[in-house]
Every structure is written in structure tokens, then in C-alpha cells.
Amino acid sequence: MTKIISVNAGSSSLKFQLFEMPEEKVLTSGVFERIGLDEGIFTIKVNGEKKVVKEPIPDHTKAVEMLLNALVEYKIVDHLDEIKGAGHRAVHGGELFTESVKVDDEVAKKFESLSDLAPLHNPAGLVGYHAFKEALPNCIHTFVFDTAFHSTMKPDTFLYPIPYEYYEKYQIRRYGFHGTSHKYVSQRCAELMNKNVEDLKIITCHLGNGASITAVDGGKSINTSMGFTPLAGVMMGTRCGDIDPAIVTYLQKKEGLSAAEVEDIMNKHSGMLGVSGISSDGRDVEDAAKEGNERAILTESIFANRVASFIGSYYVQLGGLDAIVFTGGIGENDGNMRKRIIDRVKVIGAQLDDAKNDGVRGVEKCLSTDDSKVAIWLIPTNEELMIARDAYRFVKE
């Protein structure tokens, strides 16, 4: 039995799960929130109960120190050297990393060189890695990249129709994100259908505050909705998704905005928040729509249309379809949104069973009718488990 910790470091947060491998048993999990702010929050599960500590957490190094002390204090581990591997979520691997890698100084430097591609995520992941490396120097560390699963896309899919020199100079291309989630749910879907993933055509819908759709053919990503950055694709909580690029320069001229200010609008003030004027949280928008709020109703309709459009496009590119998978906060918990989306793609043979779908949240379940030509699944994602599996693979070597 080997203990592996999965780490997901954000700019002001750090999520973790400690696994016993190869059994894939979760020993504990938790999250640090509000790192660097006046009052931080540390939540950890101990014997099924949540322990919450509220105190200043100045940086990720302090968070890691608190976590490792808690593991020993709560007797989750007897000694820290029991932890043999640490898997770190790394958002953007660019073209340098197309699969998970064992981390050394050279890998860390290469990863740092990609920070311009993911300025909010990559630096945070690097800080988390260095904090754990210092605390667990004898542990094998692994980077697991969000972009890696999508490295199987072909050039006619990942290249943008702009001057080719910008791809050569700056590697501007479609990368895609949420890859660890799309990989997990597509593989899990095949298991639940008692089929080999190599024999299936699947469209995975990771729908949350960030959202992306992926076409998976034989277990490999052939297209995905997010692009050079996570801003592209479907409408999201605060991100606009795909829009006419001329809108950017038009707003700059009309509103006197800088490029950075327009980027901030597109990333943080658009999407569900921008259209509804209510919230970036799908639950709040759903509640307002039920009360008859017209902009909330419009927001849900736009979101469903955008997702359905990608499903239809990927159905054509795949040349058929065996299954649609819903995951993520909205995909797992909002039955009404699942229905809105499937109602728009009935032409491809997808038939939702309303009785199976109504009120279902966060459990693995087939939601399609018995005679549906396309299986419809709800599968909660488990990125931390996928990270742990890759980390364990390097520990075994």
C-alpha cells in the first residue's frame, strides 16, 4: 500500500486528497481557501467529519505546513515519509508537455516558462509544487497537465486561421483544458457501458463555472471547445466564450478601454453574470429563471444553445455518437439544464428519460430512455483520482 497525495493549487486556494494506492481509497480530503487574505479557511475531513480552522494563511508554504501537521496530528499518517508520491495539477503544458511527467529542476523551469499562457494558474501550481517539495523532499513529484489529454488533436483542428508565423513564434493554437476531467469521465463511461473506450465515440460536457465540451474518439480527444486560453468555447459563469473578435477593438474604441480592461471584462464580467446581471452561479440564475426573471431565462437559453451547438458539431466530426456525458457542477446537479440541452439535440437520436433525470444530482446514472440511439450519462468527475493514478505510476517505476 502506497500513500499518494493529489494537489490542486489555485492563486488563493489549495485542494487536496490523500489516497491509499492501488486500492484508490481516500484517506482524507480538504481545501485551503482565502490564502494570502486576512482570514484563511482550512477544512479537512477526519473520519468522515469536517474539521475547520480559521486563521491567517499568508502563503502556500504555510498552507502545506498546516496540512502536513494535521495529517500527523489527526493520525491520518504516522510519519510524513509514508507519503511516497505527490501529484500536482498543472493547468497549461503548452507544446512542451503532452503527458504527465516526473518533476525535476529542469521540468520545473520549463513549466515556469509557460506562465504567460496561463498567468492565473501556472504560477500558483509552481508555488504549490515548491512548497510540497520543501516539506517532502524524498517524495516523487508529478505534474499532471490539463492540456495533455487534448494533445491528440490534429493540426487542422488545433491551428487558428491567422498568420502561421504566430504559431511558430508564440505557439498560438488551440490547447483545450479540463483534460483530466474529460479523460476520467470518458473512461468511466466506457466502464459503465461495459465496453472498451477504444470502441466508443463520446462527447463529454464539463459544465460548471468554467465549461468545456470535448469530442472523444476511441479514448482520444479530437476536438474541444476551449482554445488558446480557457476563455474560448461555450458561455461560462463569468467568461464570454466564443465571440466575434472584432468586439474587442470595437469596445476599446467606444469605451476608451485598454486591452487589459477588455480582457478583464471578457473573463470576469461576462457569461452568465454579464447576461443575467444576477450572478455567475448557475444555481442563482436557475432560481431567478423559475421566478420568471426574463434575463435569467435568456441566460439559460443561451447556455443551452451554445452547448447544444458544440454537441451537434462534434457529432458530425465524430461521424456518429455512442454517448453524451454530463459532469461538473451544472452538469452533475442541474437536471433542468441537462433537459434543455438534450431537447436541442434530439435530431441525433438522444432521448432523455425525464423520470430518470428529474432531481438527480451528483451520482453515476444513465439518464437516457431504453430506445435512445445515444446513451446519456451523468458521471461526477474525479480529477484528483486521475492525478493520483499518474503519480502512483511514477512511484512504481
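This is a predicted model: local features need pLDDT of at least 70, side-chain atom pairs count only at pLDDT 80 or more; totals for chains, interfaces and linings use all residues.

**Stop one: a pocket**

Start at the second largest pocket, whose lining has 5 nonpolar, 9 polar and 5 charged residues. Residues are numbered from 1 along each chain as its sequence is written, and side-chain values use heavy atoms, without hydrogens and water.

Select Thr98, Glu99, Ala148, Phe149 and Lys183: of the 19 lining residues, these lie nearest the centre of the second largest pocket. Its volume is about 340 Å³. Next, colour β8 (140–145), α6 (179–192), β11 (220–224) and α15, each of which supplies at least two lining residues. The largest share, 4 residues, comes from α6. (Helices, H or I of at least four residues, and strands, E of at least two, are DSSP runs numbered from the N terminus.)

On a 1 Å grid over the protein atoms alone, a pocket is an open set of points with protein on both sides within 12 Å along at least five of seven lines; in a cavity, a 1.4 Å probe fits but cannot get out; lining residues have an atom within 4 Å of a point. Volume is the space filled by probe spheres set on the points, which are joined across faces, edges and corners.

**Stop two: the cavities**

How many cavities of 30 Å³ or more are there? The count is 2.

Now select Asn8, Arg89, Asp146, Thr180, Glu383, Glu384 and Ile387, around the second largest cavity. That one has about 40 Å³. Helix α15 (residues 383–396) brings the largest share of its lining, 3 residues. By class, the lining has 1 nonpolar, 2 polar and 4 charged residues.

**Stop three: a helix pair**

Show helix α7 (residues 246–255) and helix α8 (residues 259–268). Their axes come within 10 Å and cross at roughly 120°. Select Ile247, Val248, Leu251 and Gln252 of α7, then Ala259, Val262 and Met266 of α8: these make the contact (heavy atoms within 4.5 Å). By class, the contact has 6 nonpolar, 1 polar and no charged residues.

Definitions and conventions
Axes are lines fitted to C-alpha atoms, for helices over the stretch in contact, and angles run from 0 to 180 degrees between N-to-C directions. Ala, Val, Leu, Ile, Met, Phe, Trp, Tyr, Cys and Pro count as nonpolar, Asp, Glu, Lys and Arg as charged, and the others, Gly among them, as polar.
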